[in-house]
Amino acid sequence: ETPYLSLPILEVDGKQLGQSNAINGYVGRIAHMVPKDPWQAAICDEILNAIEDLGQQVAQTSSKDEE
């Protein structure tokens with residue numbers, strides 16, 4: 001049993017958190033690595049989302065090469 005039937009998952013005190021961006025946000029907050037300024041925090045989210053989008057594009061390109 002995993003949230004959304006996918007990996008990765010983070011388990012804390014018996015609770016599961018799924019989705020990479022949610023896990024990154026949680027870990028960043030508890031490690032005090034997320035800026036307190038809402039605009040700066042949004043820029044961090046923007047960068048993480050852009051990296052995820054890029055990874056998906058690379059994966060699509062790689063799967064097309066295999067056809």
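Trainee: Where does Pro8 lie?
Mentor: Pro8 is in the segment before strand 1 (9-12). Strands here are DSSP runs of E with at least two residues, helices are runs of H or I with at least four, and both are numbered from the N terminus.

Trainee: And which way is the peptide bond from Leu7 to Pro8, cis or trans?
Mentor: That bond is cis, with omega near 5°. Keep in mind that this is a predicted model, where local features need pLDDT of at least 70, side-chain atom pairs count only at pLDDT 80 or more, and totals for chains, interfaces and linings use all residues. Residues are numbered from 1 along each chain as its sequence is written, and side-chain values use heavy atoms, with hydrogens and water left out.

Trainee: What's phi like at Leu5?
Mentor: Near 55°, which is a positive value in a residue other than glycine. Leu5 is also in the segment before strand 1.

Trainee: Is Leu5 buried or exposed?
Mentor: Exposed, at 75% relative accessible area. The cut-offs are under 20% for buried, over 50% for exposed and partly exposed in between, using a 1.4 Å probe and protein chains only.

Trainee: What about phi of Asp13?
Mentor: Phi of Asp13 is near 50°, again positive in a residue that isn't glycine. Asp13 sits in the loop between strand 1 and strand 2 (15-18), and with a relative accessible area of 73% it is exposed.

Trainee: Switching topic: what's the volume of the largest pocket?
Mentor: About 200 Å³. A pocket is an open set of points on a 1 Å grid over the protein atoms alone, with protein on both sides within 12 Å along at least five of seven lines; lining residues have an atom within 4 Å of a point. The volume is the space filled by probe spheres set on those points, which are joined across faces, edges and corners.

Trainee: Which residues line the largest pocket?
Mentor: Among them are Asn21, Arg29, Met33, Cys44 and Leu48. Helix 1 (20-30) and helix 2 (38-65) are the elements giving two or more residues to that lining, and helix 1 has the largest share, with five.

Trainee: Where is Ile30, and is it buried or exposed?
Mentor: Ile30 is in helix 1, and it is exposed, with a relative accessible area of 52%.

Terms used: On a 1 Å grid over the protein atoms alone, a cavity is a set of points where a 1.4 Å probe fits but cannot get out, and a pocket is an open set with protein on both sides within 12 Å along at least five of seven lines; lining residues have an atom within 4 Å of a point.
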